[in-house]
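Subject: the structure for you to look at

Hi,

Here is the structure we talked about. Have a look at it first, and my notes on what turned up are below.

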Amino acid sequence: MTGTIRLTAAQAMVKWLAAQMNEDGARFVEGIWGIFGHGNVAGLGEALEKSRQDFPTWRGQNEQTMAHTAIAYAKARKRRQAMAVTSSIGPGATNLVTAAALAHVNRLPILLIPGDVFANRRPDPVLQQVEDFGDGTVSANDCLRPVSRYFDRISRPEHLLTALPRALATMTDPASCGPVTLAFCQDTQAEAYDYPADFFEPRVWRIRRPQPDPREVKDLVALIKSAKKPVIVAGGGVIYAQAEETLASFAETHGIPVVETQAGKSALAQNHQMNFGASGVDGSAAANALSAEADLVIGVGTRFQDFTTGSWALFRNPERRLVSINVAAYDAVKHGALPVMGDAKAALEAVSAALGAHRADGFDPDARSKWLEAVTQHCRDRQRADGELPIDAEVIGAVQRATGEDAVAMCAAGTMPGALKLLWQPSQGGYHMEYGFSCMGYEIAGAMGLKLASPEREVICFVGDGSYMMANSELATAVMRRVPFTVVLTDNRGYACINRLQQGCGGAPFNNLYRDSNVVQQPDIDFVAHAASMGAHAVKAAGIADLEAQIAEARERDIPTVIVIDTDPDVGPGFGDAGHWWDVAVPEVGSTDSLTKAYTAYLDNQQRQRLVN
């Protein structure tokens, strides 16, 4: 196509985004979430209204939670599709910072298009403008720079010719994938330009599969052949690379057991014979025993976060070697690991071919079945005395029994992430956890994004009362759009997870549960009435048996269902010897015996940390 097309910069941006496709023939950026203000309503708002048939716009309730919805959508789509979010300048833009950080940590694509100040500076300072007294080029949007993988400011219409391709190149690159911010000056949005017509030709963006270096493959093969007790740590990169079946085949063929991170959980179904469950702080007894004895730890698509590694005190074998298969050099060389740079699927295939028929088999297969039997017992509906509340494990057990193979459990912060990683037994793809940033308030918005991405699956959103109070307004959006999912709201009257951590570190209970906070009156929040006021079907479960029944009934509705259940704030999800130490700094001096004991234990655990090979 030759010639030019005269469009405003905003019209050109929308037209270009609508023509960017993935390999499946769908728009890579599926649409845009928007809250309009003076910084984007006249320019970008007009362009989106005219293109509503080609590029959909959805209205949310808060910029941060709109972005959470978009991020969850991209995560559920395995980074093969993404969404955009637009805001006005000022608080609308700064509301995006937390969500951008979440996407950055989790390596997930999202396109952020906040409005910006006037490029021509004529009305300077414009409403909501943050003035930097020493730098006239800075606006509130510069807060997004540290949490963006690519940042650009569109202050001329022709900037789109370079900025937009760079944005999509970042979002579709498996190594640099993450949030992109295009700060869009509000006068530039409305300014016209003669764009080359071929700029708007449809384009297909392919997700690369970087092949591993044969020398690194050879080194890993030699290590596996010499190892007696190797173990694989499966991270989110397995899922993003669509390497689930490859991992299963690799583990089966070569007799190497698999343990899971939060992001990697459900890459293998829990009933897979080589899946020994969660690793680390919130790990299973079976997985952590393997990790403690392993002489070769093979990370596949993982950042080796401290929860996974027990703050680097989990892998205790003095002969232990660490290997990291990863597309990103930054992650592949952490803690002295031997890097195998490449796509998880391609790397596992190459290593497997070179190993041939070699098998390790340095593990006890019965440990896995014993662990799962213990989980079943721990999650049963137990007998309780009058007034005794259920614990989170019983809630998880009830939901597990009431759902089918298509269920996806999702969460982000508080007690439930650790409990679910430890106890939830998913089918393949049946787990969605935002734990890289562990962002309170992600849950309900994320559940909507997950359901939009996977409408065929039953979505169960676990959220505590603390996270619910932080961000619940997208529940109204889900009602308006008829996006059905089930919210299991565990009410333990405060921040119970951190309260237990506070006491575990030798401190006194303080400022976490309402009963330990400086309040005049203990709140009695009616979460059922609150959720119902936004249009959701809401109910208070009378107990564990009633919770099971309510979960089953929710499946038939076309709107969100919120099931509230009171739980015990003082009892955590763990049991037996599951779980591992987590490095949370304990005061070196204090006035109580509990602090003294906690600090002594802290020093003992510190001695077990091994930060490099």
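This is a predicted model: local features need pLDDT of at least 70, side-chain atom pairs count only at pLDDT 80 or more; totals for chains, interfaces and linings use all residues.

H8 passes H14 in a right-handed crossing (right-handed if the near helix is turned clockwise from the far one by less than a right angle, left-handed if anticlockwise). H8 covers residues 214-226 and H14 covers residues 344-355; helices are DSSP runs of H or I with at least four residues, strands are runs of E with at least two, and both are numbered from the N terminus. The two pack at an angle of about 55°, with their axes 10 Å apart. Axes here are lines fitted to C-alpha atoms, for helices over the stretch in contact, and angles run from 0 to 180 degrees between N-to-C directions. H8 and H14 are therefore oblique to each other (under 35 degrees counts as roughly parallel, over 145 as roughly antiparallel, 65 to 115 as roughly perpendicular, and the rest as oblique). On the H8 side, Val-217, Leu-220, Val-221, Ile-224 and Lys-225 meet Ala-350, Val-351, Ala-354 and Leu-355 of H14, where contact means heavy atoms within 4.5 Å.

Residues are numbered from 1 along each chain as its sequence is written, and side-chain values use heavy atoms, with hydrogens and water left out.

Next pair: H3 (residues 63-76) and H5 (residues 96-106) have axes that come within 7 Å and cross at roughly 20°. H3 and H5 are therefore roughly parallel to each other, and their crossing is right-handed. Glu-63, Gln-64, Ala-67, His-68 and Ile-71 of H3 make the contact with Leu-96, Thr-98, Ala-99, Leu-102 and Ala-103 of H5.

Then there is H1 (residues 9-18) against H6 (residues 160-171), at about 35° with axes 11 Å apart. H1 also passes H6 in a right-handed crossing.

Most residues other than glycine have a negative phi, and most peptide bonds are trans. Asp-124 and Pro-125 are joined by a cis peptide bond, omega about -5°, and Pro-125 is in the loop between strands E6 (110-116) and E7 (150-154). Asp-361 is not a glycine, yet has a positive phi of about 55°; look for Asp-361 in the loop between H14 and H15 (365-378).

Finally, salt bridges: the whole structure has 33, counting a side-chain nitrogen of Lys or Arg within 4 Å of a carboxyl oxygen of Asp or Glu. One joins Arg-6 and Asp-194 (3.3 Å, N to O). That pair links distant parts of the chain, with Arg-6 in E1 (residues 4-8) and Asp-194 in E9 (residues 192-196), 188 residues apart.

Cheers
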